[in-house]
Amino acid sequence: MATIILDEQARIRNANPIAQVLLEEGDGLTRNGDSLQLAGRDANRQLQQALATIIAAQAQGQPSVAHALRVPRSGSRSDLGLVVRPVPHSEWSQGQSSPCAAVFISDPDQHESASKQTLGELFELTPAEANLAILLARGLSLAEVSEVQNISQHTARAQLKSIFAKTGISRQAELVRLIIKSVASLG
């Protein structure tokens, strides 16, 4: 998940590597100096309003809510999904520029929604099992996974049964939910 941290002036203070790639691509969102800008006047206005609301609430010590935005991109690329959330104040950051808002960005076109290695470590899956689980989470059927992986459907079913045993679940839909909600999607 791409993440950008902004300070109380709405300046970009940190962007993880995934966010940096998206900013460099400049398709949907860009970096203009230290500020985050969205393509399209309406989307950018919504982002700036969300940031202003969060920053004002933070300055007054008031709670604020997260804001969700959809960011259109060019061509046939899927829209980005953004969630802008307040970052709680820290007593250690007084007198300094401190984090005020976090922007989480979901890119449906990003090929790896979950890290095979992280998923393997979390659930003690083999690389083949982790790959099968990720492909299922992307929406492929078991038959499509076996075709893409160039394995028999029998092998795919055996791997799926092993995944079920290791994760303690019994349905494919539960597996997809587990993968999507797991920390593996962060790394």
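A residue is called exposed when its relative accessible area is over 50%, and buried when that value is under 20%. In this model, which is predicted, Ser170 has a relative accessibility of 55% and therefore counts as exposed. Ser170 is found in the loop between H6 and H7. Along the sequence Ser170 and Leu160 are 10 residues apart, while their C-alpha atoms are 9.6 Å apart in space.

Two packed helices are described by the angle between their axes and the distance between the axes.

| Helix pair | Angle | Axis distance |
|---|---|---|
| H6 (residues 153-167) and H7 (residues 172-181) | about 60° | 11 Å |
| H4 (residues 127-137) and H7 | roughly 95° | within 9 Å |

For the pair of H6 and H7, packed at about 60°, the angle makes H6 oblique to H7, and the crossing of these two helices is left-handed. On the H6 side the contact is made by Leu160, Ile163, Phe164 and Thr167, which meet Gln172, Leu175 and Leu178 in H7. Sorted by class, the residues of this contact between H6 and H7 are five nonpolar and two polar, with no charged residues.

For the pair of H4 and H7, whose axes cross at roughly 95°, the angle makes H4 roughly perpendicular to H7. Here Ala133, Ile134, Leu136 and Ala137 in H4 meet Gln172, Leu175, Val176, Ile179 and Ile180 in H7. By class, the contact of H4 with H7 has eight nonpolar residues and one polar residue, and no charged residues.

**The nonpolar cores**

The largest nonpolar core has 26 residues, and those with the most contacts inside this core are Ile4, Leu29, Leu82 and Ile105. Among the elements that give two or more residues to this core are strand E1 (2-7), helix H1 (17-25), helix H2 (41-59), strand E6 (80-86) and strand E7 (99-106). The largest share of this core, five residues, comes from H2.

Once its neighbours within four places in sequence are left aside, Leu82 is in contact with Leu38, Leu47, His67, Ala68, Leu69, Val71, Val103, Phe104 and Ile105.

Terms used: Residues numbered from 1 in each chain as written. Predicted model: local features only at pLDDT ≥ 70, side-chain atom pairs only at ≥ 80, totals over all residues. Heavy atoms only, no water. Axes fitted to C-alpha atoms, helices over the stretch in contact; angles between N-to-C directions. Helix = DSSP H or I, 4+ residues; strand = E, 2+ residues; numbered from the N terminus. Parallel < 35°, antiparallel > 145°, perpendicular 65-115°, else oblique. Left-handed = near helix turned anticlockwise from the far one by under 90°. Contact = heavy atoms within 4.5 Å. Nonpolar A, V, L, I, M, F, W, Y, C, P; charged D, E, K, R; others polar. Core = buried A, V, L, I, M, F, W, Y, C linked by side-chain atoms within 4.5 Å. Buried < 20%, exposed > 50% of the residue type's maximum accessible area, 1.4 Å probe, protein only.
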